[in-house]
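Here are some friendly notes to read alongside the model. Please keep the sequence and the 3D view open as you go through the points.

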Amino acid sequence: MRQLRDLLQQAQQNGQAIGHFNVSDLVLLKAVFAAARELNVPVVVGLSEGEREFVGTRQIAAFVRNLREEFDFPIFLNADHTHSLAKGIEAAEAGFDSIVFDLSSLPIEENMRQTKQAIEALKAINPSMLVEGEIGDIGSGSEIHDSSPDLSKGLSTPEEAKQFVEATGVDILAPAVGNMHGMLRSMVKGETKKHLDIERISGIKKAARVFLTLHGASGTDDEDLRKAIRAGVNIVHINTELRVAWRQGLETALAKQPDEVVPYKILPSVVNSVRDAVSSRLRLFSGTQLVQKA
Ligand SMILES: [Zn+2]
């Protein structure tokens with residue numbers, strides 16, 4: 001089985017990005033895996049500290065490892081938004097393939113110092129674990145927001161991206177380029193879209209020369225995502241769109257079967273609803289030419 005680093009490299013050469021989807025239960029995991037298998041593209045499932053708290057760090061690692069082995073399929077596991085080294089070590093020891101070590105709320109000097117320390121500690125446990133660092137402000141909470149926070153002051157610059165990568169040695173960088181965690185109510189209804197600063201992405205890619213992740217991509221304009229991938233984004237994170245599909249699928253299923261109590265008769269339609277959401281994003285990230293099974 002090829003490593004995540006090789007698949008990112010291959011996707012980059014093909015002008016494609018790898019989809020990263022957050023999961024916090026078995027329904028979401030089944031849906032992400034089904035969509036990726038159907039399209040035969042590599043995929044990353046991610047869990048934030050809160051999501052890991054609910055599912056179990058070692059338990060999700062066992063599940064994903066099992067899917068990868070039983071189906072010989074490139075599904076990878078990421079410890080999303082990890083704010084302490086202790087939680088990072090827990091994920092590394094459980095066998096996560098990558099980690100987002102997120103100290104973006106700290107001043108950049110402190111962020112760099114602690115991220116560098118974390119990389120050393122994590123690579124000592126698993127040398128092939130990919131470590132992502134984060135700079136700038138993209139808001140928090142993959143939820144539905146009533147109003148848009150002002151993130152304009154927290155946009156990343158090519159200079160700080162270069163400085164951060166050189167000082168820390170991160171494998172992957174998550175910059176702030178117009179992206180935002182969560183979705184506005186108007187985005188859930190499809191009335192508005194997020195837009196990205198494509199020139200900023202190009203500048204950061206040229207300066208930082210590492211893999212780039214776009215966080216908070218739910219609700220982003222399709223054409224902006226295509227341009228962002230061409231400009232150097234390698235991983236795209238989608239969470240809120242899946243959560244919305246999960247809830248809508250569940251509400252529809254319960255309304256259709258008001259007396260049903262058997263979970264495995266109710267939940268398949270939730271899996272389908274989420275799978276469709278994942279599938280449409282994976283198609284976009286892969287372009288028309290799909291990656292062959294690795
Ligand atoms: Zn994120």
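1. His81 sits in strand β3; helices (H or I, at least four residues) and strands (E, at least two) are DSSP runs, numbered from the N terminus. Although His81 is not a glycine, its phi is positive, at about 30°. Most residues other than glycine have a negative phi. His81 counts as buried because its relative accessibility is 12%, where buried means under 20% relative accessible area, exposed over 50%, and partly exposed in between (1.4 Å probe, protein chains only).

2. A word on what you are looking at: this is a predicted model, in which local features need pLDDT of at least 70 and side-chain atom pairs count only at pLDDT 80 or more, while totals for chains, interfaces and linings use all residues. Residues are numbered from 1 along each chain as its sequence is written, and side-chain values use heavy atoms, with hydrogens and water left out.

3. How confident is the predictor? The mean pLDDT of the protein is 96, and 98% of its residues reach 70 or more; pLDDT is the predictor's confidence in each residue, from 0 to 100. Residues 289-294 are a stretch to read with this in mind: there the pLDDT is below 50, and the stretch has 18 contacts in the model beyond near neighbours in sequence. Contact means heavy atoms within 4.5 Å.

4. His81, in strand β3 (residues 75-82), and His181, in the loop between β7 (172-174) and β8 (183-184), are 100 residues apart and link distant parts of the chain. Both of these histidines, His81 and His181, are buried.

5. Next, have a look at the largest pocket, with a volume of about 380 Å³. On a 1 Å grid over the protein atoms alone, a cavity is a set of points where a 1.4 Å probe fits but cannot get out, and a pocket is an open set with protein on both sides within 12 Å along at least five of seven lines; lining residues have an atom within 4 Å of a point. Grid points are joined across faces, edges and corners, and a volume is the space filled by probe spheres set on the points.

6. The largest pocket is lined by 30 residues, and those nearest its centre are His81, Gly139, Ser140, Gly141 and His181. At least two lining residues come from each of α3 (49-55), β3, β10 (233-238) and α11 (240-256). Helix α3 gives the largest share, three residues. By class, the lining has three nonpolar, 20 polar and seven charged residues (Ala, Val, Leu, Ile, Met, Phe, Trp, Tyr, Cys and Pro count as nonpolar, Asp, Glu, Lys and Arg as charged, and the others, Gly among them, as polar).

7. Not counting residues up to four places away in sequence, Arg52 touches Leu47, Thr57, Ala79, Asp80, Thr82, Lys87 and Phe96.

8. Asp102 belongs to the loop between β4 (98-101) and α6 (108-125). With a relative accessible area of 8%, Asp102 is buried.

9. Finally, Ile235 is found in strand β10 and is buried at 6% relative accessibility. Its contacts, apart from neighbours within four places in sequence, are Leu8, Ala17, Ile18, His20, Ile172, Leu212, Thr213 and Leu214. Ile235 and Thr213 are 22 residues apart in sequence, yet their C-alpha atoms are 4.6 Å apart in space.
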